[in-house]
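This briefing walks through one protein model, topic by topic. Keep the structure open while reading.

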Amino acid sequence: MKKYLSEKNDFSKIMVVIITMALTLSISITCFISKELMATRDEEMTKVIASDVYDDINNELLKPIMVSQAMANDMFLHQNLKMESTIPEEAETELMKNYLRTMKERFDYSAAFLVAESSKNYWQASGLIKKMDLENDPHDIWYKDFVAKDVDYAFNVDTDEANKLSLTIFVNTGIKDDDGNLLGVCGVGVGMNGVQKIIEKNEKIYKIKINLVDRDGLVQVDTESTNIENSTLANILSNQRTENFFISKIDDRYVLTKYIPAFDWYLVIQRNVDEMQNKFLNFILYISTGFLIALTALFLFMRSNLNENKN
């Protein structure tokens, strides 16, 4: 009888070892598969988040492009710019001021502006701001740069001289006559703080970092104003100018980049992997806890069974 009980005890121990090994192997395989699936899921989720962010920013900045282009094609501006030399400056200023104020208030932009190519007069909704000095005033370089690009429109991040030097995203649009001659440059300004609020909201919801950068990687939009036109992301910028997001993994984060032709900027989104790893570690903890509970229950059951047999 003792021999039988001893053999049964040994058999029980062997069964515990086999079951433990089987459970351990099963958990290891489950964790490996789960980690791969989670990584794939997180990558796809990052793309979905990036798509939502892109839509928000695109909706905010596409409208001012259309408004600026409508201004550039407005015959009122064409006629007044062509006749500028025949109209007294005060009368011309009154006309431009009223026009720009209407555009600014109608579409709720921080600025609406116009520069005449012939006189270099610079008007905003408040009136004649100044006469542009392209050679000596560093603040006027934007005009020379825009004309040199010979494009229909372009974004330019700058301080607004007519609005307490507030940081503004200007949409510069060329005004040309039927022969392609430049009459001036007009457009609207979108307050940087409004765009920053949209970005900040998305950063908090999705726990990501969002930037808009130019072709060289120089930051144009950031929730931290000190980074704008001071920081660069050239080291992580993808040169692929496609309609799709380009995703890569750099150190401990996913980096998604997308070229936006309408802005000639890149959208850069960074998502830290630590949060995803924490989720996986929590998953491992739950599995391990379940394993220990099951193993403890099995051990107590077999111990109870052996005690009954002894009695």
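Asp133 sits in the loop that connects β3 and α4. With a relative accessible area of 32%, Asp133 is partly exposed, because that value falls between the 20% and 50% cut-offs. The model is a predicted one.

**Overall make-up**

- The protein chain contains 6 helices and 11 strands.
- Of its 311 residues, 40% are buried.
- The accessible surface of the chain is about 17600 Å². Carbon and sulfur atoms hold 55% of that surface.
- Among contacts with a separation of 6 or more, 54% link residues 24 or more positions apart.

**The six-stranded sheet**

- An open sheet of 6 strands runs in the order β3-β2-β1-β6-β5-β4, and its pairing is antiparallel.
- β3 (127-131) and β4 (153-160) form the edges, each pairing on one side only.
- From one strand to the next, the twist averages 25°.
- β1 and β6 are antiparallel and joined by 6 bridges. Phe113 stands opposite Gly187 of β6.
- β5 and β6 are antiparallel too, with 9 bridges between them. Here Phe170 stands opposite Gly189 of β6.
- β4 and β5 (residues 166-176) share 8 bridges and run antiparallel. Tyr153 faces Thr173 in β5.
- β6 is mostly covered, with 9 of its 10 residues buried.
- The hairpin of β5 and β6 has 5 residues between the strands. Gly180 in this hairpin takes a positive phi near 85°.

**Helices across the sheet**

- Helix α4 (residues 141-149) lies across β1 (111-116), β4, β5 and β6 (182-191). Its direction is at about 115° to β6.
- Helix α5 (residues 192-206) lies across β4, β5 and β6. The angle of α5 to β6 is about 50°.

**Nonpolar cores**

- In soluble globular proteins, nonpolar side chains tend to be buried together.
- The largest nonpolar core in this model has 48 residues. Ile57, Met71, Leu114 and Ile169 have the most contacts inside it.
- Helix α1 (residues 2-72) gives the most to this core, with 10 residues.
- A second, separate core has 12 residues, including Phe113, Tyr143, Phe146 and Ala154.
- Which residues does Met71 touch, not counting those up to four places away in sequence? They are Leu77, Tyr99, Leu100, Met103, Phe113, Cys186, Gly187 and Val188.

**Helix α2 and Asn80**

- Helix α2 spans residues 75-82, and its buried residues are Leu77, His78, Asn80 and Leu81.
- An α-helix has 3.6 residues a turn, so residues three or four places apart point the same way.
- At the start of α2, a side-chain oxygen of Asp74 comes within 2.9 Å of the backbone nitrogen of Phe76.
- Phe76 is also contacted through its backbone oxygen, which the side chain of Asn80 reaches at 2.8 Å.
- Asn80 counts as buried because its relative accessibility is 8%, under the 20% cut-off.
- Not counting residues up to four places away in sequence, Asn80 touches Ile87, Glu92, Leu95 and Met96.

- Most residues other than glycine have a negative phi.
- Asp150 is not a glycine, yet has a positive phi of about 55°. Asp150 lies in the loop between α4 and β4.
- Is Asp150 buried or exposed? Asp150 counts as exposed because its relative accessibility is 57%, over the 50% cut-off.
- Leu165 is not a glycine either, and has a positive phi of about 55°. Leu165 is found in the loop between β4 and β5.
- Leu165 is exposed, with a relative accessible area of 51%.

How values were computed: Residues numbered from 1 in each chain as written. Predicted model: local features only at pLDDT ≥ 70, side-chain atom pairs only at ≥ 80, totals over all residues. Heavy atoms only, no water. Helix = DSSP H or I, 4+ residues; strand = E, 2+ residues; numbered from the N terminus. Buried < 20%, exposed > 50% of the residue type's maximum accessible area, 1.4 Å probe, protein only. Contact = heavy atoms within 4.5 Å. Areas by Shrake-Rupley, 256 points an atom, 1.4 Å probe, with all protein chains shown as cover. Polar contact = N/O pair within 3.5 Å; in protein donor to acceptor, adjacent residues only side chain to side chain. Pairing = 2+ DSSP bridges. Axes fitted to C-alpha atoms, helices over the stretch in contact; angles between N-to-C directions. Core = buried A, V, L, I, M, F, W, Y, C linked by side-chain atoms within 4.5 Å.
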